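Thanks for coming. Please have a look at it before I go on.

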Amino acid sequence: MAEDVIWKIFMQIILALQECHNRKEGKILHRDLKPGNVFFDFGNNVKLGDFGLSKILSQESIYAHTSVGTPYYMSPEQINEANYNEKTDIWSAGCVLYEMVAL
């Protein structure tokens, strides 16, 4: 993949996650970010999909506890069944970035 294409895709993933993580109604944790859940429209714009394992964190809860998702893309916190927050999605985005770069 060309470097500029990689950066375009990665930035759109990060911007989509920012929208999910900065909602007034509560943060949405995707919890299953992987290449199979990154879709493209006709203009090659990124769309995140498959929110079946997602979780909405209320104002009172700042961490999730359950271990769900695809193991290759799970953060160390999820693997160790520790508390985690929206940073777990950023870890998964980094795994997707690595795969795009390394092919």
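This is a predicted model: local features need pLDDT of at least 70, side-chain atom pairs count only at pLDDT 80 or more; totals for chains, interfaces and linings use all residues.

How many disulfides are there, if a disulfide is a pair of cysteine sulfur atoms within 2.5 Å? The count is zero. As for where cysteines sit, C20 is buried, at a relative accessible area of 11%, and C95 is buried too, at 17%. Buried means under 20% relative accessible area, exposed means over 50%, and partly exposed is in between, using a 1.4 Å probe and protein chains only.

Residues are numbered from 1 along each chain as its sequence is written, and side-chain values use heavy atoms, with hydrogens and water left out.

pLDDT is the predictor's confidence in each residue, from 0 to 100. The chain has a mean of 87, and 88% of its residues reach 70 or more. Confidence is lowest in strand β4, residues 55-57, at a mean of 79, and highest in strand β2, residues 38-40, at 96. Helices (H or I, at least four residues) and strands (E, at least two) are DSSP runs, numbered from the N terminus.

Next, the aromatic rings. Rings of Phe, Tyr and Trp (its six-membered ring) pair if their centres lie within 6.5 Å; planes under 30 degrees apart are stacked, over 60 edge-to-face, and the rest tilted. That rule gives one aromatic pair. The ring centres of W7 and F10 are 6.2 Å apart and their planes are at 70 degrees, so this pair is edge-to-face. Both residues are in helix α1, residues 3-21, three residues apart, which is about one helical turn. W7 is partly exposed at 43%, whereas F10 is buried at 14%.

Now the core. A nonpolar core is a set of buried Ala, Val, Leu, Ile, Met, Phe, Trp, Tyr and Cys residues joined through side-chain atoms within 4.5 Å. The largest one has 13 residues, and I13, L17, L33, V38, A93 and M100 touch the most other members. Two or more residues come from each of α1, β3 (46-48) and α3. Helix α1 gives the largest share, five residues.

Contact means heavy atoms within 4.5 Å. Leaving aside neighbours within four places in sequence, M100 is in contact with M1, I6, I9 and F10.

Last, S92 in helix α3, residues 87-102. Is S92 buried or exposed? S92 is buried, at 4%. Beyond its neighbours within four places in sequence, S92 contacts L33 and Y73.

Definitions and conventions: A disulfide is a pair of cysteine sulfur atoms within 2.5 Å.
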